[in-house]
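Here is a short briefing on one protein chain.

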Amino acid sequence: MIVVTGATGNIGRSLVPLLAAAGAQVTAVSRGIGDVALPEGVRRVAGDLGDPASLSPALAGAEALFLLITGEQLIAGPEPEEVLGVVAAAGVRRVVFVSSLGTQTRPEAAGYDRIRAYENAIRASDVEWTILRPGGFFSNTYAWAESVRAESVVAAPFGSVGLPSVDPADIAAVAAAALRDDGHAGRIYTLTGPALSTPREQATALGAALGTEVRFVELTPAQAREGMLRFMPEAVADHTLEILGAPTPGELLISPDIEEVLGRPAGTYAEWAERNRAVFV
């Protein structure tokens, strides 16, 4: 059995069906999973990584675990050893952990110290581990959905700065391979898209997917920061703006790891936009 935490998130929504379609027994774990449609045969269990003991029922009999920490767990939460103690007690032998490219490129930034602590604890444990380090997600542009629907406008800072953001479905596909197949133990995969993609180019791709023009409006950093502070801590907003406006050389590298694992290139933003066009209509 494979347990997927964060089963209702951007990665989990793709990962759970992938595993189920491959014939795996899957337990989907999330704090609010009651109304989420899951494939037939998938077991759903409410659990919160902030309370590691709540994961015990989901982990009973599990062989592999997809582990994702988000939100307040990046700022404060249980120590990694506490979570891994619950994992070990359940007899889980394989863990695939979603880390972040930022642990290498922005080690001083808020939240990344917690992710590094999880990385270090997992690597020091007795489980077979695989670590995934994605950069930014294409799905971050869901934030534009309201303005695209209302005005056919994308407003963002640094319109001409490109980053190799990645399709969450590709992260899910790599995770599925690492959870099910041998040969991934002890590997760290950096997951990026196949090319640098700017906000201005993404607005054009959204317009093409929707069959209409989507106008790009460039925000000042101050305007963008004001908007970010509505849904993220100040320190996270500030380092996000630094990445968007002045990426480091490491944040501009395009990784071959998705193609290495999956045998196909990583998906483009245009392909993601076409597949997710309903969100913007």
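Leucine 196 counts as partly exposed because its relative accessibility is 40%. Here buried means under 20% relative accessible area, exposed over 50%, and partly exposed in between (1.4 Å probe, protein chains only). This is a predicted model: local features need pLDDT of at least 70, side-chain atom pairs count only at pLDDT 80 or more, and totals for chains, interfaces and linings use all residues. Residues are numbered from 1 along each chain as its sequence is written, and side-chain values use heavy atoms, with hydrogens and water left out.

**Surface patch**

- Leucine 196 sits in the loop between strand 8 (187–191) and helix 8 (199–210). Helices (H or I, at least four residues) and strands (E, at least two) are DSSP runs, numbered from the N terminus.
- Together with Leu252 and Ile254, Leu196 forms a nonpolar patch on the surface, with about 230 Å² of accessible area in total.
- Patches are made of residues with over 30% relative accessible area and no salt bridge; like charges are joined within 9 Å, nonpolar side chains (Val, Leu, Ile, Met, Phe, Trp, Tyr) within 5 Å.
- A salt bridge is a side-chain nitrogen of Lys or Arg within 4 Å of a carboxyl oxygen of Asp or Glu.
- Accessible areas come from the Shrake-Rupley method with a 1.4 Å probe; for residues, only the protein chains shown count as cover.

**Positive phi**

- Serine 152 has a phi near 55 degrees, a positive value in a residue other than glycine. Serine 152 lies in the loop between helix 6 (145–151) and strand 7 (153–157). With a relative accessible area of 24%, serine 152 is partly exposed.
- Phenylalanine 158 also has a positive phi, near 55 degrees, and is not a glycine. Its loop runs between strand 7 and helix 7 (168–180). Phenylalanine 158 is partly exposed, at 21% relative accessibility.
- Glycine 211 follows helix 8, with a positive phi near 75 degrees.

**Strand 4 and its partners**

- From strand 4 (residues 64–67), Ala64 and Phe66 point one way and Leu65 and Leu67 the other, and all are buried.
- Strand 1 (residues 2–5) runs parallel to strand 4, joined by three bridges. Two strands pair if DSSP finds at least two bridges between them.
- Strand 5 (residues 94–98) pairs with strand 4 in the parallel sense over four bridges.
- Phenylalanine 66 stands opposite valine 4, and its bridge partner in strand 5 is valine 96.

**After strand 5**

- Serine 99 is in the loop between strand 5 and helix 4 (102–105). It is buried, with a relative accessible area of 6%.
- Beyond its neighbours within four places in sequence, serine 99 is in contact (heavy atoms within 4.5 Å) with Ile115, Glu119, Ile131, Leu132, Arg133 and Pro134.

- Helix 8 has 12 residues and reaches 16 Å from first C-alpha to last, close to the 16 Å expected at 1.5 Å a residue. The expected span is 1.5 Å times one less than the number of residues.
- Buried residues of helix 8 include Pro199, Gln202, Ala203 and Leu206. Their cover includes helix 6, strand 7, strand 9 (215–219) and helix 13 (269–275).
- Helix 10 (residues 234–245) has 12 residues and reaches 16 Å, close to the expected 16 Å.
- In helix 10, Val236, Ala237, His239, Leu241 and Ile243 are buried. The buried residues of helix 10 pack against helix 5 (112–124), strand 7, helix 9 (221–228) and helix 11 (249–252).
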